[in-house]
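Welcome to this guided tour! Open your viewer, find the selection tool, and take the stops one by one.

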Amino acid sequence: QVQLVESGGGLVQAGGSLRLSCAASGSILSIRTAGWHHQRPGKQRELVTIITGDGSTSYADSVKGRFTISRDNAERTVYLQMNSLKPEDTAVYYCNADIPRLTGVTYNYWGQGTQVTVST
């Protein structure tokens, strides 16, 4: 069974930093394109950033220059470094990834989410 497990969320003051991790477990070959989404209270889930298999990245305008996505292919883990956090970054953050199974078929997976709360 393939799972994405997020960690690293918590409560931080405005201007602070957090680092989220998303680790893939199970019988998989690798992680291809992966991304982080967030869902603010009462809002739809939104894409924050993605990273492709070759390391290309893109970011939502609201987080450019503050957030950095990275990956460790050997550890099958994707990270989100969040700096200069603002109260409006408060949300549940979800990891999402395209993962090829040993059969060669690629599936899309979601993590369970981790809460990030930024206080003023």
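## Stop one: a sheet and its edges

Before you click, keep in mind that this is a predicted model. Start by selecting β1 together with strand β3, which covers residues 18-25: the two pair in the antiparallel sense over five bridges. To see one of the pairings up close, pick Val 5, whose bridge partner in β3 is Ala 23.

Now widen your selection. β1 and β3 belong to an open sheet of four strands, with the order β1-β3-β8-β7 and antiparallel pairing. Which strands form the edges? They are β1, at residues 3-7, and β7, at residues 67-72, and each of them pairs on one side only. Turn the view to look across the strands: on average, neighbours in this sheet are turned by 15 degrees against each other, direction ignored.

## Stop two: the disulfide

Stay with β3 and show the side chain of Cys 22. A disulfide joins Cys 22 to Cys 95, with an S to S distance of 2.0 Å. This link connects distant parts of the chain, as Cys 22 sits in strand β3 and Cys 95 in strand β9, 73 residues apart. The disulfide count for the structure comes to one. Look along the S-S bond, too: the angle about it is -80 degrees, and the link is left-handed.

Are these two cysteines buried or exposed? Cys 22 counts as buried because its relative accessibility is 1%, which is under the 20% cut-off. Cys 95 is buried as well, with a relative accessible area of 0%.

## Stop three: three salt bridges

Next, look for charged partners. Side chains of opposite charge can pair when their charged atoms come close. How many salt bridges does a search of the whole structure find? The search finds three.

- Select Asp 89 and Arg 66. Their side chains meet in a salt bridge at 2.7 Å, N to O. Asp 89 lies in the loop between β8 (77-82) and β9 (91-100), while Arg 66 lies in the loop between β6 (57-59) and β7, so the pair ties together parts that are 23 residues apart in sequence. Both Asp 89 and Arg 66 are buried.
- Select Asp 61 and Lys 64. Here the side chains meet in a salt bridge at 3.1 Å, N to O. Asp 61 is exposed, with a relative accessible area of 66%.
- Select Glu 46 and Arg 40. This salt bridge has an N to O distance of 3.2 Å. Glu 46 is partly exposed, with a relative accessible area of 36%, and Arg 40 also counts as partly exposed, at 23% relative accessibility.

For the last stop, go back to the edge strand β7 and select Ile 69, which lies in it. Ile 69 is buried, with a relative accessible area of 4%. What is around it? Leave aside the neighbours within four places in sequence, and Ile 69 is in contact with Ala 34, Gly 35, Trp 36, Thr 49, Ile 50, Ile 51, Thr 57, Tyr 59, Val 78, Tyr 79 and Leu 80.

To finish, use the distance tool on the C-alpha atoms of Ile 69 and Glu 88. They are 19 Å apart in space, and the two residues are 19 residues apart in sequence.

Key. Residues are numbered from 1 along each chain as its sequence is written. This is a predicted model: local features need pLDDT of at least 70, side-chain atom pairs count only at pLDDT 80 or more; totals for chains, interfaces and linings use all residues. Side-chain values use heavy atoms; hydrogens and water are left out. Two strands pair if DSSP finds at least two bridges between them. Axes are lines fitted to C-alpha atoms, for helices over the stretch in contact, and angles run from 0 to 180 degrees between N-to-C directions. A salt bridge is a side-chain nitrogen of Lys or Arg within 4 Å of a carboxyl oxygen of Asp or Glu. Buried means under 20% relative accessible area, exposed over 50%, partly exposed in between (1.4 Å probe, protein chains only). A disulfide is a pair of cysteine sulfur atoms within 2.5 Å. Contact means heavy atoms within 4.5 Å.
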